[in-house]
Amino acid sequence: MRWCRRLLSVAGVSVVAIVTMGYGAISAQLATGSTEEFAPLATPEGINIQPLGLAQGYSMNKASATRLPRKEIVFADSEGMTLYYNDMDPPGRSVCVEECAKIWPPALVQSDAKPVSNWSVITREDGLRQWAYKSKSLYTYTKDVDIGSVGGNSPKRFGRGPKVGPRGRTSDSIPKDVPMPKGWHAAMVYPVTDAMLPGGFVIRQVEDAMAQVLVGEESGKTLYAFDGDANAAMGACSSTECQKHWSPVVAPRIAIPMGDFTAGVRHDGITQWEYKGRALFTYSGDLAFGDANGIGVDEDWQIAAHVRYFVPSNVTTEQSHKLGKVLATADGKTLYRRNSYIFQSGSGHSLRRGDPIRPAVGRDLGTNPRCVSECNKWHPFLAPADAQTWGDWRVATRADGSKQWVQRGYALWTYDGDKKPGDINGNDSYSIVVGRDDKTVIDIGTPIDGPWALLWIAAAP
């Protein structure tokens, strides 16, 4: 249903960077990055993103079992190793050569990778092509040995278990970080620190939108932009039905333009913020931080995105009855992750986004679900043979040589028990083992010598 018509114009504006996402499905055009004139992709093909610290999932305590916020996320190479830049490099050029390059290897460009947004390619003195972000040449660091490391400090330092195995620590003391070498910085994708924002706005990751989105600083509400044409940038949402759902983001009477932000006066006299020429609104159906329930409600309102994350063209979202939006195949079948450890440490896995994302655990499990029963009902979500790492998505090679999509560290699967879009009949399916003797030690990365579980979780965006 369309609640409001086009807003009346006070000035011509240009096309803006707003993500267009349909309720229940992400268009293949958007997911593959062909709409680069809209919100740009955060990464080019071949560049990964990885969370730092506790968010890698090595910790076993109850606090981390119930919530692992991705507070810091770095750009990484195709193997997941953190990328860095150096203050000494001039824009568009690398002076880290010879001995320096042995310690800080350049992040080389795959032959067919194409720059996007703030990403560019420089040619080094030796003729090799190197990635640059915002004109700063990028490197890896030889002292990083684990995915999610920064400055040589491994995220394994947060891990602790009854039997340490290949990771973690045996004491309660977490080793102090080794300082970053002078002049070197991790290349961060989040938080965003260099955007010009008026007071009252922040940029947050809104997972349901699969993007970094403008959010009200105090309200925490996701913001939407009115997607009118170039001659309909400002006006009034005047109908009663419209006003029930879409509220204007009010600007001061004398609002100073800043960066991509301007303000215009509506027909009802309200001064309203605009982002890249589009009037900003909140949606009444967003009740909690991170909600993006306004997506697809009306084609004239779109998420006000700063950047969007890559999504494979055959991946959509569907609305489930219990968990909200879940990832799904092109024909609507819910995608699942296989998870472990959380059963005995008090997670909220039965709640919306209650199951923490632990990339380290997903990598440990790999493409072997370790089914106890009904394994023939679960099927790997296969990737094209030429698929590459891109953002949150990586590719695992299965034992038979086929490729399987991996999102945030977890291989993805479908379930035969789901019959229609939005079904999550495989969610919270357990394989539980109870053992207290020394012979019953399950080692999936972090050893478990007590009650443990493997379970299937519907994959959230």
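Colleague: How many bridges join S4 to strand S5, and what makes the two a pair?

Modeller: Keep in mind that this is a predicted model. Strand S5 (residues 129-133) is joined to S4 by 5 bridges, and the two run antiparallel. Pairing takes at least two bridges between two strands, so S4 and S5 count as a pair. One place to look is Trp-119, whose bridge partner in S5 is Tyr-133.

Colleague: Why are S4 and S6 said to stand at the edges?

Modeller: The sheet is open, and its 3 strands come in the order S4-S5-S6 with antiparallel pairing. Strand S4 (119-123) and strand S6 (136-137) each have a single partner strand, so one side of each has no neighbour in the sheet.

Colleague: Between S5 and S6 there is a loop with Lys-134 in it. Why is Lys-134 called partly exposed?

Modeller: Lys-134 has a relative accessible area of 36%. Buried needs under 20% and exposed needs over 50%, so Lys-134 falls in between.

Colleague: Which other residue has a positive phi although it is not a glycine, and is it buried or exposed?

Modeller: Arg-408, with a phi of about 55°. You will find Arg-408 in the loop between strand S24 (403-407) and strand S25 (410-415). The relative accessible area of Arg-408 is 10%, and the limit is under 20%, so Arg-408 is buried.

Colleague: What makes S23 and S24 a pair?

Modeller: Strand S23 (residues 393-397) and S24 run antiparallel and are joined by 5 bridges. At least two are needed, so they pair. Trp-393 stands opposite Gln-407 in S24. The hairpin of S23 and S24 has 5 residues between the strands, and there Gly-401 takes a positive phi near 90°.

Colleague: How do you know that Arg-358 is buried?

Modeller: Its relative accessible area is 1%, and buried means under 20%, so the word applies to Arg-358. Arg-358 sits in the loop between strand S20 (336-340) and helix H5 (359-365).

Colleague: Lastly, which residues does a cis peptide bond join?

Modeller: Tyr-190 and Pro-191, with omega about 5°. Pro-191 lies in the loop between strand S8 (188-190) and strand S9 (201-206). Most peptide bonds are trans.

Definitions and conventions
Residues numbered from 1 in each chain as written. Predicted model: local features only at pLDDT ≥ 70, side-chain atom pairs only at ≥ 80, totals over all residues. Heavy atoms only, no water. Helix = DSSP H or I, 4+ residues; strand = E, 2+ residues; numbered from the N terminus. Buried < 20%, exposed > 50% of the residue type's maximum accessible area, 1.4 Å probe, protein only.
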